[in-house]
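Subject: The structure I promised

Hi,

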Amino acid sequence: MTSEQNKIYHERQRLQFCLLHSLNNLFQQKGAFTRASLNSVAERLVLDDPEKEIWTPFSLVFKPHHNSLTGNYDINVLIAALEGRGKTVIWHDGRNGASSIDLDDGLLMGIVVNVPVRRYAGLWKSRHWIAVRKIDGVWYNLDSDLQAPQNYKDCEEVREFLDFIISHDGQVLLVKNENRQ
């Protein structure tokens, strides 16, 4: 790992907490979000839902917005957690391709992508959250499944990655800071 990458915070994958890891990687801070804080967001979403689900014994583990044992948080938790930190989440319309994303937008904090994955010899299908962020002028893939952050040589390489994600049933979410005019 280069000395430049040593100063980049990179949390590794554990269980299905990839949303937790991607948020901490996006914010470049250990503990920016915790399991407890994301669980709290998920529980608040349930309380705010006018059409609450009826409780069953499975409700102890399989909650509406996450799995209480393994994590596996959904998009609603991501959006609520980021909005709670003054961020705006914009779902990128994949029909436009990555070329329509302004990677030099001063309000763009980073990008979170959600991709389909197959694990355990293809027997387990799930989805995985990945953070992509520009740090000191360089874009990095901060995927918690990677051994270390991977840098992109330029914006074109970032767009190629995002186009690949879009073409393989992935979703691209732009995370923007508040507009401070």
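Predicted model: local features only at pLDDT ≥ 70, side-chain atom pairs only at ≥ 80, totals over all residues.

Is A81 buried or exposed? With a relative accessible area of 4%, A81 is buried, because the cut-off for that is under 20%. Beyond its neighbours within four places in sequence, A81 is in contact with L23, F33, L38 and V41. Take V41 from that list: 40 residues separate V41 from A81 along the chain, yet their C-alpha atoms are 6.5 Å apart.

Now the overall picture. The chain has 5 helices and 6 strands, and from the N terminus on the order is α-α-α-α-β-β-β-β-β-α-β. There are 181 residues, and 44% of them count as buried. Among contacts with a separation of 6 or more, 60% are between residues 24 or more positions apart. The chain exposes about 10,300 Å², with carbon and sulfur atoms supplying 52% of that area.

Which residues does the UniProt annotation "active site" cover? According to that record, an unreviewed entry, they are C18, H128 and D143. They are spread over 126 residues of sequence but cluster in space, with a largest C-alpha distance of 9.1 Å. Bear in mind that such annotations may be inferred rather than shown by experiment.

Two of these are worth a look in detail. H128 belongs to strand β3 (residues 124-135) and counts as buried, at 2% relative accessibility. D143 is in the loop between β4 (138-141) and β5 (150-151), and D143 is buried too, with a relative accessible area of 10%. The side chains of D143 and H128 make a polar contact at 2.7 Å. Leaving out residues up to four places away in sequence, D143 touches H10, H128, I130 and A131.

Next, helix α5, residues 155-167. Its 13 residues reach 18 Å from first C-alpha to last, close to the 18 Å expected at 1.5 Å a residue. The buried residues of α5 are V158, R159, F161, L162 and I165. Why do they count as being on the same side of α5? Because they cover an arc of only 160 degrees around the axis. As a reminder, an α-helix has 3.6 residues a turn, so residues three or four places apart point the same way. At the start of α5, a side-chain oxygen of D154 comes to within 3.2 Å of the backbone nitrogen of E156.

After α5 comes D169, in the loop between α5 and β6 (171-176). D169 is not a glycine, although its phi is positive, at about 65 degrees. D169 is exposed, with a relative accessible area of 51%.

D136 also has a positive phi, near 50 degrees, in a residue other than glycine. You will find D136 in the loop between β3 and β4, where D136 is exposed with a relative accessible area of 61%.

Cheers

How values were computed
Residues numbered from 1 in each chain as written. Heavy atoms only, no water. Buried < 20%, exposed > 50% of the residue type's maximum accessible area, 1.4 Å probe, protein only. Contact = heavy atoms within 4.5 Å. Helix = DSSP H or I, 4+ residues; strand = E, 2+ residues; numbered from the N terminus. Expected span 1.5 Å × (residues − 1). Arc of directions from axis to C-beta. Polar contact = N/O pair within 3.5 Å; in protein donor to acceptor, adjacent residues only side chain to side chain. Areas by Shrake-Rupley, 256 points an atom, 1.4 Å probe, with all protein chains shown as cover.
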